There are 4 protein chains.
Amino acid sequence: MKDTKIVIKKQIKLKDPVLVVGLPGIGSVGKLVAEHLKREFKAEKIAVMYSPHFPHQVVMLKNGGVRLVGNRFYLIRKKGAKNDIVLLTGETQAVTTEGQYEVNGAIVDFFKNKLGGKFIYTLGGYNLGRNVTDKPRVFGNVSGKDVMRRFKNGNIVFGKSRGMIWGSAGLIIAFARFQGISGICLMGETSFLDVDASAAKSVLMVLAKNLGLEINTENLDKIIERTAQAIKDLENQAKLGMPGEPGSSDQRPSYIR
Amino acid sequence: MKDTKIVIKKQIKLKDPVLVVGLPGIGSVGKLVAEHLKREFKAEKIAVMYSPHFPHQVVMLKNGGVRLVGNRFYLIRKKGAKNDIVLLTGETQAVTTEGQYEVNGAIVDFFKNKLGGKFIYTLGGYNLGRNVTDKPRVFGNVSGKDVMRRFKNGNIVFGKSRGMIWGSAGLIIAFARFQGISGICLMGETSFLDVDASAAKSVLMVLAKNLGLEINTENLDKIIERTAQAIKDLENQAKLGMPGEPGSSDQRPSYIR
Amino acid sequence: MKDTKIVIKKQIKLKDPVLVVGLPGIGSVGKLVAEHLKREFKAEKIAVMYSPHFPHQVVMLKNGGVRLVGNRFYLIRKKGAKNDIVLLTGETQAVTTEGQYEVNGAIVDFFKNKLGGKFIYTLGGYNLGRNVTDKPRVFGNVSGKDVMRRFKNGNIVFGKSRGMIWGSAGLIIAFARFQGISGICLMGETSFLDVDASAAKSVLMVLAKNLGLEINTENLDKIIERTAQAIKDLENQAKLGMPGEPGSSDQRPSYIR
Amino acid sequence: MKDTKIVIKKQIKLKDPVLVVGLPGIGSVGKLVAEHLKREFKAEKIAVMYSPHFPHQVVMLKNGGVRLVGNRFYLIRKKGAKNDIVLLTGETQAVTTEGQYEVNGAIVDFFKNKLGGKFIYTLGGYNLGRNVTDKPRVFGNVSGKDVMRRFKNGNIVFGKSRGMIWGSAGLIIAFARFQGISGICLMGETSFLDVDASAAKSVLMVLAKNLGLEINTENLDKIIERTAQAIKDLENQAKLGMPGEPGSSDQRPSYIR
């Protein structure tokens with residue numbers, strides 16, 4: 001395999017789709033939100049992405065099979081909704097800087113040209129370097145001013161986040177802009193947790209409201225905590241016994257640090 | 001050299017070959033089993049694989065020569081057997097993630113399209129993060145359900161291994177599936193040994209039974225232990241005095257960790 | 001994105017332009033000088049450079065937007081001056097050695113063939129491994145002897161700097177020479193500071209004199225110190241909370257060490 | 001610059017040339033011998049090799065100029081000698097494993113196809129992991145048995161060196177063999193010195209005898225020691241103040257370790 005490729009699993013005509021990207025990253029915030037949405041809305045897998053820039057791993061499945069490391073596109077379709085929602089989540093991001101440019105370029109290209117989409121949400125964590133005591137805030141960075149206006153009254157803090165966004169959460173917004181489509185990066189305030197359920201909940205509530213999704217809030221904390229635990233378990237298993245595991249200091253992909 | 005290449009040394013018409021891949025990796029389990037089979041059955045070299053993604057090394061040979069680091073395909077042919085056995089073993093795996101995708105893709109492609117094969121065994125170790133006290137178990141992960149059924153009563157533990165398989169042992173099974181051929185990854189339960197003769201023996205017994213190979217069990221432990229020692233010696237020599245040796249912390253290929 | 005690209009933002013006919021390159025590097029000297037010139041002379045952005053060899057980051061902007069990491073070309077045009085001045089500065093340099101060769105080759109090619117330029121200044125720091133007690137000296141290395149003659153009486157120390165120049169400051173001069181154009185690398189004497197305002201001031205004075213630019217010396221120290229502080233803040237924010245931040249030991253690009 | 005390139009500086013018709021490769025590596029043995037020969041026989045530069053796989057550096061020259069990091073081919077021509085001697089030496093080797101395969105392939109290709117050569121000596125150190133008390137031995141590894149026979153009575157130890165040869169010293173012999181030309185790798189017994197004048201002297205004497213070169217032995221120790229000191233100085237200067245210097249732990253090219 002020499003190039004990133006996206007394999008369509010189910011050909012569906014989409015209704016003005018928006019893309020939601022929740023990949024591994026700081027505090028696992030993006031992945032946590034995406035996994036929650038996937039489960040709660042029984043999202044259907046429509047495409048799979050592989051890349052030689054992803055780690056050279058396969059996932060051992062419960063059913064005894066294997067799955068090449070990659071990310072997957074899922075469809076959430078709500079009757080009467082204006083937009084279909086396409087969810088991108090999975091195990092990994094590209095390992096090298098060149099790989100990140102290729103993979104994230106391929107995501108934007110696929111969403112725009114194959115799925116006909118026009119708006120992208122990317123999800124992540126934002127670490128202020130101190131413990132978060134109150135309800136975590138949600139910071140936003142956008143592809144353009146028109147987007148900010150649209151999200152003005154949505155409990156999103158604009159213009160206060162500083163520094164760099166690494167990996168898919170940032171590059172996808174930048175590439176979207178280059179391609180003439182719009183996007184917003186939503187980041188939950190987090191501190192030094194590997195898997196931050198609380199930050200994820202904040203992002204989830206903001207996102208759901210904007211997507212017009214009703215989240216079942218009964219037992220929500222417990223459910224998110226359980227997903228967080230599952231991700232932690234997976235990470236621990238990944239570290240166990242497997243050579244070159246991502247937990248080793250010089251192998252850890254740079255979007256996890 | 002810009003691409004991975006496989007040079008055929010001896011053109012032989014093979015009889016429905018199966019491929020057995022035993023490369024360096026966790027506990028050296030795969031390599032240990034492959035080396036044992038190679039010696040016991042006086043396997044014949046039929047092809048050699050080189051790659052610019054392998055370490056930039058040559059092996060110093062006992063006869064005073066050198067050999068570019070690479071892997072080799074050997075043939076084990078047993079009279080009357082249904083399948084010829086092709087063994088892939090050698091010193092190394094690709095160093096980068098992109099290299100792993102290229103090299104393992106090339107292996108599956110060669111086996112399927114040049115050798116006309118349809119089934120692949122990959123061998124490795126599986127570290128549970130604790131000492132192995134009893135006879136090491138053999139865990140299996142497969143390309144598909146049909147394969148699991150076939151190996152049902154073969155002392156292989158299915159569906160209990162978790163996390164990631166790094167490198168050839170995993171990628172080859174995943175790529176085989178993409179190419180429409182089948183495979184199984186057999187992993188010997190191991191702990192933190194660099195060269196685990198005991199785990200190798202467990203895998204060897206399971207593999208031999210499935211391949212219809214009769215292993216001479218007399219002195220088997222001693223023989224395997226001797227092979228293990230030879231591998232250890234080679235590794236120590238590799239570390240000695242040679243610049244950029246694989247033992248240095250930031251050079252160690254990721255499939256060895 | 002697979003290749004480095006330079007996007008022209010404003011098509012302007014330039015008058016025998018000289019290029020001044022001040023990118024992140026030792027003591028942030030080059031960047032500090034370039035930022036100062038950009039502000040003092042209200043330089044106008046004329047082109048932007050992106051590359052898959054730059055870190056996989058976007059900058060979070062004060063206005064709530066994002067900007068893909070990259071470098072920018074600015075124009076400083078002084079009435080009656082013989083040469084237009086093109087300033088190249090930005091957040092980053094290429095991460096890998098192959099990337100450095102590609103990016104710096106692209107810079108020289110763009111300046112020569114698109115802008116029609118013939119002379120290049122690169123700016124950097126030179127660390128002698130001891131504290132600098134007096135006014136920092138400015139060391140120079142040139143593309144050829146004719147250049148040295150031209151700068152003879154300009155308070156530049158020639159032939160005393162030893163060792164290697166890493167990254168853009170050096171490669172651009174070497175590539176310029178290959179392309180038949182001339183250049184000088186000016187390096188401010190520095191010690192172990194991350195951001196050395198004092199070394200930057202020395203380089204600024206030498207450069208300004210040669211470019212025929214009048215620097216407003218009133219409050220100059222204070223202004224440079226403020227710019228230095230702004231760069232430090234940016235770096236600290238970059239380290240904060242963002243995954244894979246450049247401050248982590250194995251991520252720090254090699255031109256910063 | 002996207003590919004390795006060798007620029008011919010002086011077009012000379014060579015007389016059945018042999019190539020001697022002495023590049024930076026373990027104990028600096030190869031480089032030390034090559035530098036000595038270059039000086040003693042006033043070797044003439046005939047070609048220069050650059051590569052995007054070399055470190056992104058330029059060397060600051062005593063005359064105030066710069067030189068892109070690279071290696072150079074020199075000619076030693078002795079009246080009446082059967083073979084012209086081409087010496088390859090310089091500052092560096094390729095940084096990545098892919099780069100090593102490309103650069104060393106290019107060297108063998110150039111020597112065979114452009115210079116019409118048929119035999120290659122590569123020089124290096126061999127560290128046995130203990131201090132060398134007596135006169136250092138010279139170990140040899142060859143491209144084929146015929147070569148060993150030819151060097152039988154030359155104070156070279158064959159078949160006793162074990163493990164791996166990293167970088168140019170090994171790859172060039174392996175690639176030569178692929179291309180149908182012959183070669184020998186001569187390695188001076190060394191321990192843990194960065195620059196080992198004593199090992200270099202042993203290799204020099206063996207090499208000179210085989211090349212039919214008369215080495216002026218008067219003050220030889222002193223002269224070699226002085227060259228060793230010069231190399232050490234250069235390395236220290238390289239470490240001084242320059243960002244990303246090769247001395248930093250994660251930047252040190254793997255052929256130096």
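Chain B and chain C do not touch, and their nearest C-alpha atoms lie 10 Å apart. Chain A and chain D likewise make no contact, with nearest C-alpha atoms 10 Å apart. The model is predicted. Two open three-stranded sheets take strands from two chains: one has the order E5(A)-E4(A)-E11(B), and another has the order E11(C)-E4(D)-E5(D).

**Chain A as a whole**

- Chain A holds six helices and 12 strands.
- Its C-alpha atoms fill a box of roughly 50 × 45 × 35 Å along the principal axes.
- The radius of gyration of chain A is 17 Å; a compact globule of 257 residues would have a value near 18 Å, so the two agree.

- Strand E4 (residues 57-60) of chain A pairs with E5(A) over three bridges, in the antiparallel sense.
- Within this pair, Val59(A) stands opposite Arg67(A) in E5(A).
- H4(B) lies across E4 and E5 of chain A together with E11 of chain B.
- The angle at which H4(B) runs to E4(A) is about 80°.

- Strand E4 (residues 57-60) of chain D is joined to E5(D) by three bridges, and the two strands run antiparallel.
- Met60(D) stands opposite Val66(D) in E5(D).
- Helix H4 (residues 168-178) of chain C lies across E11 of chain C together with E4 and E5 of chain D.
- H4(C) runs at about 80° to E4(D).

**Helices H2 and H4 of chain B**

- Helix H2 (residues 97-114) of chain B packs with helix H4 (residues 168-178) of chain B at an angle of about 55°, with the axes 9 Å apart.
- That angle makes H2(B) oblique to H4(B).
- H2(B) and H4(B) form a right-handed crossing.
- On the H2(B) side the contact involves Gln100(B), Asn104(B), Gly105(B), Ile107(B) and Val108(B), which meet Ser168(B), Leu171(B), Ile172(B), Phe175(B) and Ala176(B) in H4(B).
- The residues of this contact between H2(B) and H4(B) divide into six nonpolar, four polar and no charged.

**Helices H2 and H4 of chain C**

- Helix H2 (residues 97-114) of chain C and H4(C) pack at about 55°, and their axes are 9 Å apart.
- Gln100(C), Asn104(C), Gly105(C), Ile107(C) and Val108(C) of H2(C) make the contact with Ser168(C), Leu171(C), Ile172(C), Phe175(C) and Ala176(C) of H4(C).
- By class, the contact of H2(C) with H4(C) counts six nonpolar, four polar and no charged residues.

**Helices H1 and H5 of chain D**

- Helix H1 (residues 29-40) of chain D packs with helix H5 (residues 197-211) of chain D at an angle of about 55°, and the axes are 9 Å apart.
- H1(D) is therefore oblique to H5(D).
- The crossing of H1(D) past H5(D) is right-handed.
- Val29(D), Leu32(D), Val33(D) and His36(D) are the contact residues in H1(D); in H5(D) they meet Ala197(D), Ala199(D), Ala200(D), Val203(D), Leu204(D) and Leu207(D).
- This contact of H1(D) with H5(D) has nine nonpolar residues, one polar residue and no charged residues.

Definitions and conventions:
Residues are numbered from 1 along each chain as its sequence is written. Chains are lettered from A and ligands numbered from 1 in the order in which they are written. This is a predicted model: local features need pLDDT of at least 70, side-chain atom pairs count only at pLDDT 80 or more; totals for chains, interfaces and linings use all residues. Axes are lines fitted to C-alpha atoms, for helices over the stretch in contact, and angles run from 0 to 180 degrees between N-to-C directions. Helices (H or I, at least four residues) and strands (E, at least two) are DSSP runs, numbered from the N terminus. Angles under 35 degrees count as roughly parallel, over 145 as roughly antiparallel, 65 to 115 as roughly perpendicular and the rest as oblique. A crossing is left-handed if the near helix is turned anticlockwise from the far one by less than a right angle, and right-handed if clockwise. Two residues are in contact if their C-beta atoms, placed from the backbone, lie within 7 Å. Ala, Val, Leu, Ile, Met, Phe, Trp, Tyr, Cys and Pro count as nonpolar, Asp, Glu, Lys and Arg as charged, and the others, Gly among them, as polar. Two strands pair if DSSP finds at least two bridges between them. The radius of gyration is taken over C-alpha atoms; the globule rule is 2.2 Å times the number of residues to the power 0.38.
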